[in-house]
Amino acid sequence: MKSFIFVIGTMGNGGAERVIANLSNQFVHDDTKVSIITIYGTLQTYQLNDKVTLSHIVCNSKIKALRPLERMMKMRRIISQISPDIVISFLADVNIHTLIALIGKKVPIIVSERNDPTKSPTAKWMRKLRDVLYKRTSGVVYQTRDAADYFEKYVPNKIKQTIIANPIKDDLPFYVSRPEKVEFITACRLNQQKNIHLMIDSVKRVIDKGYECFLNIYGEGPMRQELETYIDSIGLNERIRLCGFSDSIHEKMTKATAFIISSDFEGISNSMLEALGIGIPVIATDCPVGGARQYIINEVNGYLVPCRDVDSMSKAMIDVIKNPAEAIEMGKEATKIREMISTKNIASQWMDFIKKVIAK
């Protein structure tokens, strides 16, 4: 039996966290010992198999500047006690902690990039530190070709590298039918990266052109108050709703008119992949680092629109309203993604890559 450790910030609501939960549950099902270390506290949303060991790092130092050191020392101690075959770290800031914490240790380390590396982490000095530290990895997993191309000048060829998509749930429901009331839906963190103002302004444009429609925004985040104020300022609080987090979001997708994602940059949106798998028509910005265009062919299995382009997004929304049959056919075409990125298939790709790294 092999032993793996995943390192992540928390196991709260997030795409990387969901991927780790899915992979961990699949790996223990396949008789691999899996531990997860969270370095930013105890938050947990995703359900884990009872066989998955979860360790939370909580910093006690009252001096904020000393907490990263405390965090890394505790991480090193836990990993030494478990003595895994490999450590797999997700997200750039967590990867930095992991690589520094394990200096001098011989355990192989795989880091996984989950966002646009030109914009995440936000601080330029952290991006530079990441680029230097990635030379110490045993392997790197990217989500898109564009992300892999960015690191070509930073990660030596001798380091194993691959591109692996996010898995989606095997039990996703299927799109039911287009409702009589036009309701657009999204599920995302309420932060600047997601450019929720774009979808709000696009819905306003659609309404101003005489079409009846609504927008339900599911998720939480730091911009909630600002978005509430903005929606009220344009007089659309009866049409655009901030619905908070929902544990039945997939069922809600099956009954909406179209799924919207308006990000300025993204790794690969899990909610977008799930929407494609469900078969609801999807309208997505063609944002860096190329995740949307990796799975959506414009007007074949969804709509790709330029970033920050209200005109293009509102036109796609109107097309869904005016041509429901064509939009539904696009959604049916998109469901082919279900088999391609099933949890079993993606876990198998991860396992094959891990074996190559361990055998190095």
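Is T38 buried or exposed? I looked this up before anything else. T38 is buried, with a relative accessible area of 0%; buried means under 20%, exposed over 50% and partly exposed in between, using a 1.4 Å probe and protein chains only.

I noted what I was reading. This is a predicted model, where local features need pLDDT of at least 70, side-chain atom pairs count only at pLDDT 80 or more, and totals for chains, interfaces and linings use all residues. Residues are numbered from 1 along each chain as its sequence is written, and side-chain values use heavy atoms, leaving out hydrogens and water.

**Entry: around T38.** I placed T38 in strand β2 (residues 33-38); strands (E, at least two residues) and helices (H or I, at least four) are DSSP runs numbered from the N terminus. Leaving aside residues up to four places away in sequence, T38 touches I8, G9, T10, M11, L54, S55, H56 and I57, where contact means heavy atoms within 4.5 Å. I also found a polar atom of the T38 side chain 2.7 Å from the backbone oxygen of G41.

**Entry: the sheet.** I traced an open sheet of 6 strands, with parallel pairing and the order β10-β9-β8-β11-β12-β13; two strands pair if DSSP finds at least two bridges between them. Its edge strands, β10 (240-244) and β13 (303-305), each pair on one side only. From one strand to the next the twist averages 25°. Axes here are lines fitted to C-alpha atoms, for helices over the stretch in contact, and angles run from 0 to 180 degrees between N-to-C directions. I then checked β8 (residues 183-187) and β11 (residues 258-261), which pair in the parallel sense over 2 bridges. I185 has F259 as its bridge partner in β11. Helix α6 (residues 196-208) lies across β8, β9, β10, β11 and β12, at about 165° to β9.

**Entry: rings.** I searched the whole structure and got 8 aromatic pairs. Rings of Phe, Tyr and Trp (its six-membered ring) pair if their centres lie within 6.5 Å; planes under 30 degrees apart are stacked, over 60 edge-to-face and the rest tilted. F6 and F27 are stacked, 6.3 Å centre to centre with 5° between the planes. F6 is in strand β1 and F27 in helix α1, 21 residues apart. Both F6 and F27 are buried. Y150 and Y154 form a tilted pair, at 5.4 Å and 40°. Y154 is partly exposed, with a relative accessible area of 22%. I also noted a cluster of F4, F6, F27, F90 and W350, linked by ring pairs.

Methods. Polar contact = N/O pair within 3.5 Å; in protein donor to acceptor, adjacent residues only side chain to side chain.
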